[in-house]
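Me: I would like to go through the labels on this structure and see what backs each one. Show me the structure first.

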Amino acid sequence: MGDILIVDDERDIRELISDILKDEGYSTRLAGNSDDCMSEVNAAPPALMILDIWLKDSQMDGIDILKTVKRDNPDIPVVIISGHGNIEIAVAAIKQGAYDFIEKPFNIDQLMVVVSRAMEASRLRRENNELRRGDVASSEMLGESAAFKALKANLDKVTGTNGRVMLTGPGGAGKEVAARYIHANSNRSSAPFVSVNSASIEPERMEEVLFGRESAERGIEPGLLEQAHGGVLYFDEVADMPIGTQSKILRVLVDQQFQRVGGSDKVRVDIRVVSSTNRSLADEIAAGNFREELFHRLNVVPVVVPSLEERREDIPLLAAYFIEELNKNQGLPLRNLSDEAEALMQTMQWPGNVRQLKNVVERVLILGAGNGAISAKELPSPEETSQKEGRVVLSSGLATLPLREARELFEREYLMTQINRFGGNISRTASFVGMERSALHRKLKSLAIVTSSKGGARVAHVEPEIDE
């Protein structure tokens, strides 16, 4: 049922408690002094501790042990017992994180009620962590494009290490999914994944949220650093972190310990840090908004997360995944994408990247009629053109050009979009647009369109002119 460590300097007491707990199906370990206690905790953290306040012939008393255990193993519930109990000791123990306080001589029924409640609280905490890990496992990384495969290969290289990773890429590209992938496939997967949204926390509350606080009224309130102990702490959009907090986070990364707001004790943590940003931290450093030393501490392994534009091949696969998830989680219709809808989605602009794609799919499923295949008409109109009664409505820029220049501009943008849609594959592009491959090559050359490698994918762009 659970492993309980009993710490008491009186042999008869600890053996009596052990016999009672064993009769109830618990397994127990015994310690008569602080050295034996800490040796047992360090060997294997117990599911629960029953700890005497006064320990003869020990370097630490019960309160000292309690502080140390809650600092290094905050998830272990600790029940304090004492034959010299008074309200001051009880309050001190609760402030330091004890689950409850029992005074000797104790009633067996009272002891069992407290133990069972503490074990239940511990079980619920573990189940909550498992649910969070289940959410991590469901945060799948999907894709078949060259850019996606390059990203996944880089992530696979860092999952087996404890190195700090800096994920860069535009908003909505999937940086948090990449961070969760690192956690789920690392040796910390059984420990928490804690996300810190640097932009959503008020600057004046950032330190309290991260480091926790201590007060006479409310005792110890662990922060996100303690909650991530043993696992991964993810700083989402780290460039938004207040400059004052940055110096303290830097100290945590160096020392792996910190002080709670209002507290004086050092709290030691074992965490792996993964960060992300959609801004240039070099520019932020130059502007005095980000500490250069912190950047170097966080940027041990830089990984670029590609935009959706760089992985257009993956759009049908991602859209189908979102349709299935929205059906399972929200009961929305389980519909397929028509070929026309797939083609249009692969040519649309996605400034919001994967996040925007998911939102569009959800909107179509909510507003769409019937359960048939999703048609192109149900999708939002592209930014530059829209279909109206079989006509193409021109953008203002295109409409003001002479026919030859407008045609050349249209052909260039159209062919670049199709090439990027097919991941740089010229043969597939030629087949779709209805041209011989050799004719397409000639057309691309006349339009100064070339392809080059970017993030592991072939991307079309206009060849820059060379000044003579």
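**Labels and cut-offs**

Reply: Helix H15 (residues 353-367) contributes most to the lining of the second largest cavity, with three residues. This is a predicted model: local features need pLDDT of at least 70, side-chain atom pairs count only at pLDDT 80 or more, and totals for chains, interfaces and linings use all residues. Residues are numbered from 1 along each chain as its sequence is written, and side-chain values use heavy atoms, without hydrogens and water.

Me: What makes a space a cavity?

Reply: On a 1 Å grid over the protein atoms alone, a cavity is a set of points where a 1.4 Å probe fits but cannot get out. The whole structure has two cavities of 30 Å³ or more.

Me: Which residues line the second largest cavity?

Reply: Lining residues have an atom within 4 Å of a point. Here they are Leu337, Met345, Val360, Val361, Val364, Ile374 and Leu379.

Me: Why is strand E1 called largely enclosed?

Reply: Buried means under 20% relative accessible area, exposed over 50%, partly exposed in between (1.4 Å probe, protein chains only). Four of the five residues of E1 (residues 3-7) are buried, so the rest of the structure largely encloses this strand.

Me: How do you know that E1 pairs with E2?

Reply: Two strands pair if DSSP finds at least two bridges between them. E1 and E2 (residues 27-31) have five, and run parallel. E1 also pairs in the parallel sense with E3 (residues 48-52), over four bridges. Ile6 is bridged to Leu30 in E2 and to Ile50 in E3. Strands (E, at least two residues) and helices (H or I, at least four) are DSSP runs, numbered from the N terminus.

Me: Is Glu237 buried or exposed?

Reply: Buried, because its relative accessible area is 14%. Its phi is near 55 degrees, a positive value in a residue other than glycine. Glu237 lies in the loop between strand E10 (232-236) and helix H10 (243-255).

Me: Why is Ala448 called partly exposed?

Reply: Its relative accessible area is 26%, so Ala448 is partly exposed. Phi of Ala448 is near 60 degrees, also positive in a non-glycine residue.

Me: What makes Arg421 sit over the ring of Phe432?

Reply: The test asks for NZ of Lys or CZ of Arg within 6 Å of the ring centre and within 35 degrees of the ring normal. The charged end of Arg421 is 4.3 Å from the ring centre of Phe432 and counts as over the ring.

Technical notes: On a 1 Å grid over the protein atoms alone, a cavity is a set of points where a 1.4 Å probe fits but cannot get out, and a pocket is an open set with protein on both sides within 12 Å along at least five of seven lines; lining residues have an atom within 4 Å of a point. Grid points are joined across faces, edges and corners, and a volume is the space filled by probe spheres set on the points.
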